[in-house]
Amino acid sequence: MAVEKLSVSLPGTVAARARRAAERAGVPLSAWLADAAEAAADLDDARAAAQEYAARFGEPDAEELEQVRAQLAEAGVGVPESPEDAAARTAALSRLLGLPSDRRAG
C-alpha cells in the first residue's frame, strides 16, 4: 500500500486526545489518525450516497425507514465490536490484501 506523508495542523487539545487514544489502542499516532480519517471518509461517502439516492428516488417513507433500521440491526450495524473481533477482522483483511506479516494487525 502506498503511503503519502502529510503535514497537518491540529488544535493542541485535539492532538493530545488523539495521542492518548492511539496509545490506548496500542498503535502509532499516524495509524490511529489514518483509521480515524478513513472512518470519517466512509461516513461522508455514505451520507453522499444517501443524499444521491434521495435525490433520485425521493425520501423513504416511515415504513421503508423502519425496514432499513431492522435490517441494519439484524446485521449488527451500530453494535460495538469487541477488541477480539476487531483484531480478527483486521488480521483477516490484512491476509486478504496480502500485507506482509509485520504490517498485519491483530
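Which residues make the nonpolar surface patch of about 370 Å²? Leu6, Val8, Leu10 and Val14 make it.

## Model and conventions

This is a predicted model, in which local features need pLDDT of at least 70 and side-chain atom pairs count only at pLDDT 80 or more, while totals for chains, interfaces and linings use all residues. Residues are numbered from 1 along each chain as its sequence is written, and side-chain values use heavy atoms, with hydrogens and water left out.

## Nonpolar patch

The patch formed by Leu6, Val8, Leu10 and Val14 covers about 370 Å². Patches consist of residues with over 30% relative accessible area and no salt bridge; like charges are joined within 9 Å, and nonpolar side chains (Val, Leu, Ile, Met, Phe, Trp, Tyr) within 5 Å. Accessible areas come from the Shrake-Rupley method with a 1.4 Å probe, and for residues only the protein chains shown count as cover.

Val14 belongs to helix α1 (residues 12-25). Helices (H or I, at least four residues) are DSSP runs, numbered from the N terminus. Val14 counts as partly exposed because its relative accessibility is 38%; buried means under 20%, exposed over 50%, and partly exposed in between.

## Helix pair α1 and α2

The axes of α1 and helix α2 (residues 29-57) come within 9 Å and cross at roughly 100°, so α1 is roughly perpendicular to α2. Axes are lines fitted to C-alpha atoms, for helices over the stretch in contact, with angles from 0 to 180 degrees between N-to-C directions; roughly perpendicular covers 65 to 115 degrees.

On the α1 side, Ala18, Arg19, Ala21, Ala22 and Ala25 meet Leu29, Trp32 and Leu33 of α2. Contact means heavy atoms within 4.5 Å.

## Salt bridge

The structure holds one salt bridge, defined as a side-chain nitrogen of Lys or Arg within 4 Å of a carboxyl oxygen of Asp or Glu. Arg89 and Glu81 form it, at 3.0 Å from N to O. Arg89 is partly exposed at 40% relative accessibility, and Glu81 is partly exposed at 42%.

## Separations along the chain

Met1 lies in the segment before α1 and is exposed, with 75% relative accessibility.

Glu59 sits in the loop between α2 and α3 (62-75) and is exposed at 66%. Its C-alpha atom is 34 Å from that of Arg89, 30 residues apart along the chain.

Notes:
Helices (H or I, at least four residues) and strands (E, at least two) are DSSP runs, numbered from the N terminus. Buried means under 20% relative accessible area, exposed over 50%, partly exposed in between (1.4 Å probe, protein chains only). Angles under 35 degrees count as roughly parallel, over 145 as roughly antiparallel, 65 to 115 as roughly perpendicular and the rest as oblique.
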